[in-house]
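Reader: Please take a close look at a single part of this assembly, the place where two of its chains meet, and describe it with the criteria stated as you go.

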Amino acid sequence: MSAREDEFLEYVQSGGQVETTDWMPDDYRAKLIKFIEMHGNSELMGVLPEREWILRAPTLQRKLALTAKVQDEVGHSQLIYRVVSDLGKPREHCLDDLISGKSKFHNVFHYPTKTWGDVGVIAWLVDAAAIISQKALLKCSYAPYARIMKKICWEESFHILHGRDVILTMMNGTDAQRELVQEALDRWWGPLMQFHGNPIPAEDDPMYIWRIKSQGNGEARQQFLDGYVPQIWELGLTVSDPKLRKNDDGVWEFSEPDWDELKHVVTGHGPKTEERLGLRRTTRGETEWVRRVVLPEAA
Amino acid sequence: MDSRVHVEFTPSFLGCPALEVMRDQMASRIRELGAEPEVEVVLDDSWSTDRITPEGREKLRESGFAPPAPREAGGSQLVQLQSKAFKCPYCGSTETRLENIFGPTPCRSLRYCASCRQPFEQFKTI
Amino acid sequence: MVSTVLRRVSARAEPLLPIADDELILGWRNSEWTGIAPFLEEDVAFSSIAQNEIGHARAIYQLVAEELGTTADELAFDRKPEDYRCSPFVELRLVPDWAKTIARHCLYEDADQRRIQELIEADDPEVAGLAAKIDREEVYHRMHAQMWFERLEDEPQFQEALEELRPLVDQRGEHLPEFEHLWQEMTEVRRSVAGATW
């Protein structure tokens, strides 16, 4: 590392923030692009598990809330890709790499959404897990990303309210509705426990070293369990992990998440990966002519 | 003593997805203060974004949202939305451009500041 | 089911229900673009437009629901397909055809503006007030339609779409076969557990 890079590293590690126009090491820029692009991809792919349920939302209010939530996610991806684009990788390249399977997106968006119960669990718990990661990005060393994260966190907290309300209404409803929720929770628990990633020590995580992230994976998972397991239990739901308990020292114990499944899924082998990327490819092809017509103006 | 509190509130847009959440939060805050709330949602054109107070506009700006242009200035005309009359809430520059009439929620548009290279949201005039 | 009630709608509801049903069904159709539009900006735009339309439908349903002894949700979801009064024009499933989608958007906004204008001048102050609010929001839809009209007007497929769809604008009557499918999907969760709250 050059003296200039050392100085930069020291600067970000002591809490310093970087603007688009500031000098930055190539490795830092590359790590930023990789990390932020994956976030943008995840927001965009996160649309697909929910979009089919927009057409089946059972009340006008649910219809509005779900459309708005999905729209927020597209809006987030738009903002996030803009940040990536300012770092040197245009949005169209990000989208090309996404549909060709070259770049990744979050594990939870590779799974099917089977019932309206899944819609509630996604909006409540997947978003809860996401907001824990995103809150830790408010202190990201790259300032433009940290700034949009403030807005994203604010909107995500609305999604959690919506999700919790969907779940609460069903839990206060009929046995059949409660069953839909429990089955959905059972389906999602594994992916939720894998969500924050392998528990590698923060000091070995390049994203932490550059202070792109400000907390380790294990720490995030503990926060999730601490915040949401008591709520899950309080609603009368059970978690399918027999080892799950909170120790006297306040640390949660749980069965080791299936890391092989996580790796398999995020490398493009999830149950819905191919179908969803296929849908993106098809619709992108079908509307190609529109971009050709508009691009000179839109560019 | 009559401890009922009557609130009339108008959503910026009728399809506001947060309408119920706002209504319920108003009601629960009023209950916390020891009164019985009656929150009525108004469905007409009597409220306008012109009625946002200077303090409210400042709060919007602080949160990264550009406050709405006045109705009278033709704030809802396309030309206006595309003009440089809109200031970046982060750096104050007027070098901003419209990215999308529609933003993340029905009440906002998306703009981009060419000066500090920050996307930001502009409240629509209603 | 509230169908029996609706066979005899009130004088107030008579002109309003077709408008609300149009907004509901078009809102449903437009939300089909969420996630798969040609640009992320258009995902966002069509989602917003869909929300506004559903919001308008809801407000109008609320206005007529009380005197019909029902609720906005029941009007939106619990009628039989044949009791909806929307036009075949809004029932058409146009995804993934962007040219037709924009053609319908332009034609609908134009026709809707005239209809809303009449309501603004209505003697019923509640109807007039709501119509003025709706009109204020529709300004943004018209701007969006106008912007796309200008972008596509030299495209032959857009001109063809306009020609094809224009005669349908004022058509009323029989539902299209694809309306039945939309209704099935729209009410699927709601019908799945009898008597449940969602």
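Author: What follows is an account of the interface between chain A and chain C. The model is predicted, so local features need pLDDT of at least 70 and side-chain atom pairs count only at pLDDT 80 or more, whereas totals for chains, interfaces and linings use all residues. Residues are numbered from 1 along each chain as its sequence is written, chains are lettered from A and ligands numbered from 1 in the order in which they are written, and side-chain values use heavy atoms, with hydrogens and water left out.

Taking contact to be heavy atoms within 4.5 Å, 45 residues of chain A are in contact with 42 residues of chain C. The area buried between these two chains is about 4000 Å², with carbon and sulfur atoms giving 67% of that figure; buried area here is the accessible area (1.4 Å probe) that two parts lose on being put together, summed over both. On the chain A side, A:Leu55, A:Leu60 and A:Trp289 supply 19% of the area that chain A buries against chain C, more than any other three residues.

The side chains of A:Arg56 and C:Glu185 meet in a salt bridge, at 4.0 Å from N to O.

Helices are DSSP runs (H or I, at least four residues), numbered from the N terminus. In chain A, helices H3 (47–54), H4 (60–86), H7 (143–171), H8 (175–194), H12 (273–286) and H13 (288–298) each supply at least two residues of the side that touches chain C. H4(A) gives the most to this side, with 14 residues. By class, the side of chain A that touches chain C divides into 24 nonpolar, 12 polar and nine charged residues, where Ala, Val, Leu, Ile, Met, Phe, Trp, Tyr, Cys and Pro count as nonpolar, Asp, Glu, Lys and Arg as charged, and the others, Gly among them, as polar.
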